[in-house]
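Here is a short briefing to read alongside the model.

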Amino acid sequence: MQRIFITVVIVLLCIAGASAQSSNKLVAASAARGKTVYLQRCMVCHQADGGGVPKLNAPLDGSSAVNSTNLAKLVKYIVKGFNDRVEIDGEFYENAMPAAADLTDQQIADVLTFIRSNWSNKAGPVTALQVKQTRSKLK
Ligand code: HEC
């Protein structure tokens, strides 16, 4: 009886481990695609190290918005652009961020997954479904 119980527990642990591993792989693949989007569309302003340009372009590395759970705000910046010149983590930035509304839900999820997990950032991944849901509510 005890042996059956132990076997069942081991099998369940293996299944849990395997599914965690495959979801980690999906996240890694998304971040890798997001890096390509970043290099093509974001790096010119936010720089390879995510540090931005003082007084011009906000840094993404260490940004509280990038690391926050408010995904709606992040999706909106990309789809609508961002030129509010509001204080961001204690600084103002003069440049205007252009809208990138041509990016697909998947590309936006990928680039957000990349910037949220790169440099010193340690926030969770974003899925295409989450982007789709917040995007459909944008005015
Ligand atoms: C032409 C330069 C430029 C490009 C290209 C650009 N950005 Fe920006 N980004 C900015 C500026 C400037 C701000 C701050 C805007 C403000 O203060 O009104 C900003 C702000 C942000 C923020 C908010 C940061 C915070 O801490 O609140 C995020 C997130 C962001 N950009 C992500 C991206 C991503 C992802 C891309 C590529 C798809 C991108 N940006 C492309 C210039 C740019």
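The notes below cover the ligand site and then a few residues elsewhere in the chain.

This is a predicted model, in which local features need pLDDT of at least 70, side-chain atom pairs count only at pLDDT 80 or more, and totals for chains, interfaces and linings use all residues. Residues are numbered from 1 along each chain as its sequence is written, and side-chain values use heavy atoms, with hydrogens and water left out.

**The iron site**

- His46, through NE2, and Met97, through SD, coordinate the iron atom of the ligand at 2.0 to 2.1 Å. Donors here are N, O and S atoms within 2.8 Å of the metal (3.2 Å for Na, K and Ca), and sites may look incomplete as water is not among the atoms.
- The site of the iron atom is octahedral, with angles of 84 to 179 degrees among its six donor atoms. Six donors count as octahedral if opposite donors are over 155 degrees apart and all others between 65 and 115.
- The pair links distant parts of the chain, 51 residues apart: His46 belongs to helix 2 (residues 43-46), while Met97 is in the loop between helix 3 (71-80) and helix 4 (105-117). Helices are DSSP runs (H or I, at least four residues), numbered from the N terminus.
- His46 is buried at a relative accessible area of 11%, whereas Met97 is partly exposed at 28%. Buried means under 20% relative accessible area, exposed over 50%, and partly exposed in between (1.4 Å probe, protein chains only).

**Around the ligand**

- The ligand sits in the largest pocket. A pocket is an open set of points on a 1 Å grid over the protein atoms alone, where a 1.4 Å probe fits, with protein on both sides within 12 Å along at least five of seven lines; a molecule sits in it if more than half of its atoms lie within 2 Å of its grid points.
- The ligand is surrounded by 24 residues, and the closest are Cys42, Cys45, His46, Ser63 and Met97. A residue is near a molecule if one of its heavy atoms lies within 4 Å of it.
- Helix 2 and helix 3 each supply at least two residues of this shell, and the largest share, three residues, comes from helix 3.
- An N or O atom in the side chain of Ser63 is 2.7 Å from an oxygen atom of the ligand. A polar backbone atom of Arg85 is 2.8 Å from an oxygen atom of the ligand.

**Loop residues with positive phi**

- Lys55, in the loop between helix 2 and helix 3, has phi near 70 degrees, a positive value in a residue other than glycine.
- Asp89 lies in the loop between helix 3 and helix 4, and its phi is near 45 degrees, again positive in a residue other than glycine. Asp89 is exposed, with a relative accessible area of 51%.

**Buried residues elsewhere**

- Leu74 is in helix 3 and counts as buried at 5% relative accessibility. Its C-alpha atom is separated by 9.4 Å from that of Val131, 57 residues apart along the chain.
- Val126, in the loop between helix 4 and helix 5, is buried at 5% relative accessible area. The C-alpha atoms of Val126 and Asp105 are separated by 10 Å, with the two residues 21 apart along the chain.
- Thr134 lies in helix 5 (residues 128-135) and is buried, with a relative accessible area of 18%.

Technical notes
Tetrahedral: all angles 85-135°; square planar, octahedral: opposite > 155°, others 65-115°. Polar contact = N/O pair within 3.5 Å; in protein donor to acceptor, adjacent residues only side chain to side chain. 1 Å grid on protein atoms, 1.4 Å probe; cavity = no way out; pocket = protein on both sides within 12 Å on 5 of 7 lines; lining within 4 Å.
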